[in-house]
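Subject: Structure handover

Hello,

Here is the structure for you to look at. My notes on it follow below.

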Amino acid sequence: MQCPEYNSISVVKYGKIHNGKQRYRCHSCHRQFVPNSTQKFVSKEAKSLIDQLSLAAIARVAEVSETGLQDYGNHKATYTSQLLENQPQKGL
């Protein structure tokens with residue numbers, strides 16, 4: 001078993017993920033990983049494109065008004081922050 005980040009062979013079993021697959025942790029860089037993961041990550045190219053998109057561009061693609069999109073984003077941010085505030089604190 002090798003760390004995908006540093007190719008170190010100094011890895012240990014580090015529990016399992018939600019679907020039962022074995023998770024490992026690298027002693028060198030402390031990265032956690034699952035070999036042969038099927039999870040899809042957002043590519044650097046996609047992140048760059050997202051960062052460059054303006055509110056107007058997103059509204060055009062989604063076929064909604066900029067105001068409606070902004071209202072939705074504000075509502076989503078408020079709702080998410082409220083959920084986070086109401087989460088029980090771990091380890092206290």
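L49 lies in helix 1, residues 44-52 (helices are DSSP runs of H or I of at least four residues, strands are E runs of at least two, and both are numbered from the N terminus). The model is predicted, with local features needing pLDDT of at least 70, side-chain atom pairs counting only at pLDDT 80 or more, and totals for chains, interfaces and linings using all residues. Residues are numbered from 1 along each chain as its sequence is written, and side-chain values use heavy atoms, with hydrogens and water left out.

Salt bridge. The structure has one salt bridge (a side-chain nitrogen of Lys or Arg within 4 Å of a carboxyl oxygen of Asp or Glu). It pairs the side chains of E5 and R31, at 3.0 Å from N to O. The two come from distant parts of the chain, 26 residues apart: E5 is in the segment before strand 1 (11-16), and R31 is in the loop between strand 2 (22-26) and strand 3 (32-33). E5 is partly exposed, at 47% relative accessible area, and R31 is also partly exposed, at 33% (partly exposed falls between buried, under 20%, and exposed, over 50%, with a 1.4 Å probe and protein chains only).

Regards
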